[in-house]
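Hi there,

Here is the structure I promised to pass on. Please open it alongside this email, and my notes will follow below.

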Amino acid sequence: MVSIKILACWRILLSFLLAFLTHSSPQVACFSKYSAAAASTVSVRHQAAAADSEAKALLKWKDSLEKPSQDLLSTWRGTSPCKWEGIKCDESKSVSSLNLAYYGLKGTLHTFNFSSFPNLLSLNIYNNSFYETIPPQIGNMSKVNVLNFSSNSFRGSIPQEMWTLRSLHSLDLSNCQLSGAIPNSIANLSNLLFLDLSLNIFSGHIPPETGKLNKLKYLGIGHSNLSGSIPQEIGMLTNLRLIDLSRNSLFGTIPETIGNMSKLNILILANNSLSGLIPLSIWNMTNLSWLYLYGNELFGSIPSSIENLANLELLAFDVNHLSGPIPSTIGNLTKLAGLYMGFNNFSGSIPATIGNLINLNILRLQGNNLSGSIPTTIGNLRSLSTLELNTNKLNGSIPMVMNNLTNLYELLLSENDFSGRLPPQVCVGATELSFDLSLY
């Protein structure tokens, strides 16, 4: 009996509930529509307020620039920055990109309110005349992916807050006259693909923590006044395609770990004070197209395994203390356009296989101890524009096949022991000639 009464009660309650929902559904639908409309209105108002805030921040910064620069931003007026030159917005009408490269602007970033742009993904002020320091408030741009401040006149050190921008994929601070040390906290930027700090006046060394930026594809710290050795940890950058550490004061040996960068296309370590042997691991870097080691204090010989670098287009060993013969296997590097081996201590003859390098434009072997005659295969190098064999111990006659080198504009043969006469057609196309007077 009790269960029947309970069941009856549930039926009555269910009927009441169904009736309520049936009669109240128009009101519920109306309330839902009202709520959506209200939310939409709030969203629009919020977007408008955000756009107005961003516009005011940009106009305030514009007003701080020098007068001629303000005139260059003539479209910057009103409250709709999405329509202004150099600015892109996202779907919410919030500024997402600010590109002012090549505008010729002059001023500072001190009145730029970084906090006013919560959705800014890219800030590019490349090749302007901004000066003074980079403000620490730059750390407020938590979403930014791309920063390009290159080719400006900033001074002082990079603010520590820069190294907290973990969303960065690309950071270019090259040619900015920045000073101070590169801190260990550079490791925080673990999402970086591109990093260029070249052409600055830093102090100190390359931090070993740079090796933790294992997504990097481009690393440029050339001409930046750095000293110390190349850290072993550099070999951890296994995704690198280009590394440029040239024109610093780096010393010590090139670490063997550099060979771990198997994807590397361009390796530039020129104009430092690096010493010791060229590491064996370099001869296995088969993806290299440029290898620039010139202007160091490297010694030792070039192994026959140089032939592994079959993708090389530019090879520069000049101005070192390298010795021994030029290996005949160099003739397997048939993509070479430039071969620079001058001002070393190479000895022996010029290998006949040099004639296989039919894409060569520039061949510089001057200032060595090379002996013997010029191989007749040199006549195969019909693309040569520059041939420098001066200041060696070469002898014999100049081969007639050099008449084939009709694209020459620079031919240096002086300070050798040549005899006989210069082939009659070798001067065709040449604008500068230097040769030993014994030819006459």
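Below are my notes on the disulfide, the sheet and the aromatic rings.

First, some housekeeping: this is a predicted model, in which local features need pLDDT of at least 70 and side-chain atom pairs count only at pLDDT 80 or more, while totals for chains, interfaces and linings use all residues. Residues are numbered from 1 along each chain as its sequence is written, and side-chain values use heavy atoms, with hydrogens and water left out.

Let's start with the cysteines. The structure holds one disulfide (a pair of cysteine sulfur atoms within 2.5 Å). It links C82 and C89, with an S to S distance of 2.1 Å. The torsion about that S-S bond is about -100 degrees, so the disulfide is left-handed. C82 is partly exposed at 29% relative accessibility, and C89 is partly exposed too, at 25%. C176, by contrast, is buried at 0%. For these words, buried means under 20% relative accessible area, exposed over 50%, and partly exposed in between, using a 1.4 Å probe and protein chains only.

Next, the sheet. Nine strands form an open, parallel sheet in the order β13-β15-β17-β19-β21-β23-β25-β27-β29. Its edges are β13 (227-228) and β29 (417-419), each with a single partner strand, so one side of each has no neighbour in the sheet. Strands here are DSSP runs of E with at least two residues, numbered from the N terminus, and two of them pair if DSSP finds at least two bridges between them. Inside the order, β17 (residues 273-277) and β19 (residues 297-300) pair in the parallel sense over three bridges. In β19, E297 is the residue opposite S275.

Finally, the rings. Twelve aromatic pairs turn up in the whole structure. Rings of Phe, Tyr and Trp (its six-membered ring) pair if their centres lie within 6.5 Å; planes under 30 degrees apart count as stacked, over 60 as edge-to-face and the rest as tilted. One of the pairs is Y102 with Y126, whose centres are 5.1 Å apart and whose planes meet at 85 degrees, so this pair is edge-to-face. Y102 sits in the loop between β2 (95-99) and β3 (106-107), and Y126 in the loop between β4 (122-124) and β5 (129-132), so the pair ties together parts 24 residues apart in sequence. Y102 is exposed at 58%, whereas Y126 is partly exposed at 24%.

The rings of F112 and F114 are tilted, because their planes are at 55 degrees, with centres 4.9 Å apart. F112 is buried at 5%, as is F114 at 2%. Ring pairs also link F112 and F114 into a cluster with W61, W76, W84, F117 and F130.

Best wishes

Terms used:
Helix = DSSP H or I, 4+ residues; strand = E, 2+ residues; numbered from the N terminus.
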